[in-house]
Amino acid sequence: TPAGTPGSSTVSGSTTSTEEEGTVMLAFSTPVPKPRECPSGYVKHEAAVSTLSGAGQCNGPIKQCACEFVLGQGAVINRANTQIVTSTWSNYLGLLERAESASWDEAICSVLAGTGVAGHVDGPVATAQFSGPNAMALSTCERFIAVPDRYGQYIRLLSRESADHAWSTATVSTIAGTGRTGSQDGPSAQASVNAPHGVGFSPDGLSIAVADTHNHRIRLISIREGQSWSEATVSTIPGLETDRRVWHPIFSSDGLTLFFSEDQGKIRALSRTSTDAAWSGNTVFTVAGSGDRHSTDGPAGQAAFTNPGYMNLVDDGLSIVVGDRYRIRLVQRRSQTDPWSSAEVSTLAEFEDGTDQAVVTQAGDILVNAGRALLRMITKERCISTASAGTPGSSIVSGSTSASTSSPKGAGASSSGWDAWSAGSGWSTGSGSSSWISSTPAGTPGSSTVSGSTTSTEEEGTVMLAFSTP
């Protein structure tokens, strides 16, 4: 019977027809219940948590690794989701690596930088020394890692020639700080900081926001296009001085909003109208948190945090994952146009041992340092989004396509049957935009195609849209 006819007896799946020129897959529809609403991909109290690391040495398989640099005092993850660089109070930087086809519980741990002796030595990573490295940031181009050296009173930088070069080839340099506490602005070699805890790169890679924690200020280390970081200048965002310590600044993907946390249990942000505009403390607003120091879920203005720490923007800025002492929290808006005041705060997971370190993978899973020597994972629920395919009575035969989408959340066919509409996830692609995928008739010799399939769900039925390949 025609695919999607209500009540029809069908086989869920697809069948293949082959001609010499190409392959066409015909998808059947089968009635299914409407999926749960799951806008962020996480379901409160239902996040799957697994333990990935155990006890043992610092170099070797992650399941045997008890070294605190499993996530340490802060970590960054590459876009390929194969490397995590971590910082520790033991004055090391650690490296967790896995093959693309492997899971994180198969990762290998090793020491990337530092000798374990507190100090201030620049140069090759193998001989460099740190004093209290923490809460690092990875640049968009993945050439640089900024490292606050909290007890040394410096901001350090790991630099490699390109993202294709191993981090073991990197060098360490000092881009701000004198080794003495202070709040002096100016050329980086003369500027001073006081117990910096947290840094964040701007999307264009020309600025690093610094949580100058004991000075209660957000500082900016900036260069112009074509300058090296040794030529940077340090400035203080005016009007932002408070009586509260600040932590963990992160930029939005468009560079127009700068988020940070305060030790009074609030997540704050400041905004500007364009990337050319200056930052001003007059534009500060509260994202979430009432100021009470306990853990309460609910509307953003009424919710409370114990000690909001490391933050990750997810879903292309729709939500924020927050490490909050013994919990991983989610600050979630309903849409990109909604103000943060309309957000809801929920708890994704709670641990008996303290944690405020978390990184989010490209696949949407949250890796958590839950305890000094344990790496745990909160798995993102893969929700099926609703799209245009699946209308009762529709019969879809897909043709070959000339473009692809990364981790599509849904797809539908045009009335001609030769176009597909794909809703990209945004989180995986980084764009969040929907796009039309134009295609040529199935089997056309020489057509450029992508093989595979994607699923779209309506209450009435499920249609799998299949791509053809020569």
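Student: How many helices and strands does the protein chain have?
Tutor: The protein chain has zero helices and 37 strands. Keep in mind that this is a predicted model.

Student: What share of the residues is buried?
Tutor: Of the 470 residues in the protein chain, 51% are buried.

Student: And what share of the contacts comes from residues 24 or more positions apart?
Tutor: Among contacts with a separation of 6 or more, such pairs account for 48%.

Student: Pockets next. How much space is in the largest pocket?
Tutor: The largest pocket holds about 1300 Å³ of space.

Student: Which residues lie nearest its centre?
Tutor: Leu138, Phe251, Asn312, Leu313 and Gln362 do, out of 41 residues in the lining of the largest pocket. The elements giving two or more residues to that lining are β6 (75-77), β11 (137-138), β16 (199-201), β20 (246-251), β25 (308-314) and β29 (357-360).

Student: Which element gives the largest share?
Tutor: β25, with five residues.

Student: What classes of residue line the largest pocket?
Tutor: Its lining has 21 nonpolar, 16 polar and four charged residues.

Student: How many cavities are there?
Tutor: A search of the whole structure finds two cavities of 30 Å³ or more. The second largest cavity holds about 50 Å³ of space.

Student: What lines the second largest cavity?
Tutor: Val76, Ile77, Asn78, Gln83, Val85, Leu138, Glu142, Ile145, Arg160 and Trp167. The elements that contribute two or more residues to this lining are β6 and β7 (83-87). By class, the lining of the second largest cavity divides into six nonpolar, two polar and two charged residues.

Student: Let's switch to the core. Which residues have the most contacts inside the largest nonpolar core?
Tutor: Phe201, Ile208, Ile221 and Trp229, in a core of 18 residues. The elements giving two or more residues to this core are β12 (144-149), β13 (154-159), β14 (171-176), β16 and β17 (207-212). As background, nonpolar side chains in soluble globular proteins tend to be buried together.

Student: What does isoleucine 208 touch?
Tutor: Leaving aside neighbours within four places in sequence, isoleucine 208 is in contact with Ala146, Ile175, Val199, Gly200, Phe201, Arg219, Leu220, Ile221 and Trp229.

Student: Phenylalanine 144, then: buried or exposed?
Tutor: Phenylalanine 144 counts as buried because its relative accessibility is 14%, and the cut-off for buried is under 20%. The residue sits in strand β12.

Student: What is phenylalanine 144 in contact with?
Tutor: Apart from neighbours within four places in sequence, phenylalanine 144 has contacts with Ala137, Leu138, Ser139, Leu157, Leu158, Ser159, Trp167, Phe201 and Trp229. The C-alpha atoms of phenylalanine 144 and serine 159 are separated by 4.8 Å, and these two residues are 15 residues apart along the chain.

Student: Where is serine 252?
Tutor: Serine 252 is in the loop between β20 and β21 (257-262). Serine 252 counts as buried, at 11% relative accessibility. Leaving aside neighbours within four places in sequence, its contacts are Pro203, Thr257, Phe259 and Leu313. Its C-alpha atom is separated by 9.7 Å from that of serine 271, which is 19 residues away along the chain.

Student: What about cysteine 109 and cysteine 141, how accessible are they?
Tutor: Cysteine 109 is buried, with a relative accessible area of 1%. Cysteine 141 is partly exposed, at 40%.

Student: Last topic, phi. What is the value for asparagine 81?
Tutor: Phi of asparagine 81 is near 65°, a positive value in a residue other than glycine. Most residues other than glycine have a negative phi. Asparagine 81 is in the loop between β6 and β7, and it counts as buried at 10% relative accessibility.

Student: And what about alanine 195?
Tutor: Alanine 195 also has a positive phi, near 55°. Alanine 195 lies in the loop between β15 (186-187) and β16. With a relative accessibility of 5%, alanine 195 counts as buried.

Methods: Residues numbered from 1 in each chain as written. Predicted model: local features only at pLDDT ≥ 70, side-chain atom pairs only at ≥ 80, totals over all residues. Heavy atoms only, no water. 1 Å grid on protein atoms, 1.4 Å probe; cavity = no way out; pocket = protein on both sides within 12 Å on 5 of 7 lines; lining within 4 Å. Points joined across faces, edges and corners; volume = space filled by probe spheres on them. Helix = DSSP H or I, 4+ residues; strand = E, 2+ residues; numbered from the N terminus. Nonpolar A, V, L, I, M, F, W, Y, C, P; charged D, E, K, R; others polar. Buried < 20%, exposed > 50% of the residue type's maximum accessible area, 1.4 Å probe, protein only. Core = buried A, V, L, I, M, F, W, Y, C linked by side-chain atoms within 4.5 Å. Contact = heavy atoms within 4.5 Å.
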